Amino acid sequence: MKLYKSLLSLMLLLLLSSQAQAQEAIDKTAIEELTLQAINDTAFTLRTTNEAGNLVKYTGTLPLRVNGELQEATLVDGETLLALPEAAALVQVSANLGTHTLARLYRLDDEAEGGLREFPMWLSILPPLIAIVLALIFKEVLLALFAGIWVGGFVIYGLSLKSLFTGLLAVGDTYLVSALTDADHIAVILFSMLIGGMVAIISKNGGMAGIVNLLSSYARSAKSSQVVTWALGIAIFFDDYANTLIVGNTMRPVTDGHRISREKLAYLVDSTAAPVASIAFVTTWVGAELGYIKDAAASLGIEEGAYSLFFHSLEYAYYPVLTLVFMLMLILMNRDFGGMHRAEIRARSTGAVTSASMDPKGEARQQQEMAEFEPIDVTRTRAVNALLPVLVVIFGTLGGLLYTGYSPDIWADPSLSFVRKLSITIGDSNSYTALIWASLSGVIVAVILTVSQRIMSLTETMESLVTGFKTMLPAILILVLAWSLATVTQQLYTAEYLTSLFSGNISPHFLPEITFFLAAIIAFSTGSSWGTMAILYPLMLPAAWYVCQMQGFTLEETMPIIYNVISVVLAGSVFGDHCSPISDTTILSSLASGCNHIDHVKTQLPYAVTVALVANVVCTNLSTLGVHWLLVYLIGAGILWGVIRVIGKKNEVEAVPAAEAV
């Protein structure tokens, strides 16, 4: 009897042991589905299952992103409880499973089984996709953006007949209102309006004509005027918004005089602003970049400082650097291709600097708009009347950045270099406040100069200011709608879905390339390079680190890949932003250059794609093979030179000043 009990006990122990070993053998890669069940509006039960719906009894931690927030969930036998910080109409959960990522989207619905109704995640890409396609087809950006927001509301509010009308009304009472109640958005609108008002005043008081005459001594031809524009774009490196509006508005009369198409001007303005701001040491971008890098490095136990990581990543900043080189080569070789070449030939042969000028109604409208900015007294064209307000904006922005970001502790720290202190200060600054202060100061200086010299009365000066405000209205409307669409994509978790599509078990050497294209697609779809960085830095840096660890890489082998991933998140974000018609910086570039927005997008796109392919397919692969970074840059530049030489066509028509044209 005792022997029987002993054998029974032994069998029971073996059975329990085998079950425990089976449980230990369950890996999170076996998880194929995620299922949520609502407990109430803020609490949910998450279950891990296979495709057949059977519970996968995984026990352990699982990296989750719940409604956009990263968290570590502890599962016991395939179940865990999730809580949202506040009630939400939509619940999105994505899990990083190592070899793949699962993403699910649910809507709270009392009538649905489990209190939740699942939505196909691919619906999240419909709003930006529809907006982009309609904008490119019909060239009506306002209508396209409106349609994208409406479709997003239709999905968010339930995909029903009722939600069709609810989504339409939500465009106005929810999304447009939220865009206009955001403090940062209001700051951009005010800054844009004040810059527009200042430009109108310095145009009427003869200051802009004076600065055109001054720059004409350097910009004596189509080529040199483009070089000056390119150099100014690099010089104003500290903020992409300030860069875009100042350079575009300042150089537009100069390039018009040499029959440079507005499409080319918009390209030069747009493609110097973000690339320079993203890689310079002292910019409004640096604070955000270093913050994301620091958080990711700290979570991974990387001892190297965030600034050092950023500095080393510049060795791999192929897209931003090669974009600047590519533009200069186009200018010096006097070649263009695609739509840009056609625009240049049109401008130089007919004097029509915009495509709208080829239409009689468009030409009449443009002449009317230009007449509003003609100097009130052509005999009094003093460059100081424009230079002083513009310099006030430039140095006022820098001063505002230093003032709002100043910390006595940072500047008292002897271990930090001057450049490091300056970078931290500007990174911690409030760029929107600095821009408003600077632009308002520029307007005040322009008003004082105009009235004190009795060029215009105070009433006439204020009328010019209001005229400048009016010119900004179309672009501001586009900006507001673009911000509203960005809110829709955030609520639908478009970026998380796109991220899940690109996840998989891959070699560490391919991570930079995949990260670049993932960043580009997210930035293109959402119109936000900053939003893309916020999503991808916390996701891709840990992914790169863990993949390298799983492959047995040493620290010396891992860090170059980490540096590369840091760089390509930034580069891909800028590239996607350049290509997207719903990007705020792309919209501002069109505005500042006086270019049709869709014309700008269509002519810039081939150039951006060309540089991106060379930077990512060629340069990134060469760097993973161990080629020295300087040689990689030279090879990339050489390939781009060859592309321009083979594909580019000479802009044969001589660019003579419009005044001399017959």
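Let me start with the largest cavity: its lining is made up of Tyr316, Tyr318, Tyr319, Phe516, Ser567, Val568, Ala571, Ala615, Asn616 and Thr620. A cavity here is a set of points, on a 1 Å grid over the protein atoms alone, where a 1.4 Å probe fits but cannot get out, and lining residues have an atom within 4 Å of a point. Two or more of the lining residues come from each of helix 12 (318–333), helix 23 (555–579) and helix 25 (597–624). Helices are DSSP runs of H or I, at least four residues, numbered from the N terminus.

This is a predicted model, in which local features need pLDDT of at least 70 and side-chain atom pairs count only at pLDDT 80 or more, while totals for chains, interfaces and linings use all residues. Residues are numbered from 1 along each chain as its sequence is written, and side-chain values use heavy atoms, with hydrogens and water left out.

The volume of the largest cavity is about 60 Å³, a volume being the space filled by probe spheres set on the grid points, which are joined across faces, edges and corners. Its lining has seven nonpolar, three polar and no charged residues. Nonpolar means Ala, Val, Leu, Ile, Met, Phe, Trp, Tyr, Cys and Pro; charged means Asp, Glu, Lys and Arg; the others, Gly among them, are polar.

How many cavities of 30 Å³ or more are there? The count is four.

Now the helix packing. Helix 11 (residues 306–313) crosses helix 23 at roughly 80 degrees, and their axes come within 8 Å. Axes are lines fitted to C-alpha atoms over the stretch in contact, and angles run from 0 to 180 degrees between N-to-C directions. The two, helix 11 and helix 23, are therefore roughly perpendicular, a term for angles of 65 to 115 degrees, with over 145 counted as roughly antiparallel. On the helix 11 side, Leu309, Phe310, His312 and Ser313 are in contact with Met559, Tyr563, Ile566, Ser567 and Leu570 of helix 23, contact being heavy atoms within 4.5 Å.

Helix 12 also packs with helix 9 (residues 262–279), at about 150 degrees with the axes 9 Å apart. Helix 9 and helix 12 are therefore roughly antiparallel. Their contact has 12 nonpolar, four polar and no charged residues.

How values were computed:
1 Å grid on protein atoms, 1.4 Å probe; cavity = no way out; pocket = protein on both sides within 12 Å on 5 of 7 lines; lining within 4 Å. Parallel < 35°, antiparallel > 145°, perpendicular 65-115°, else oblique.
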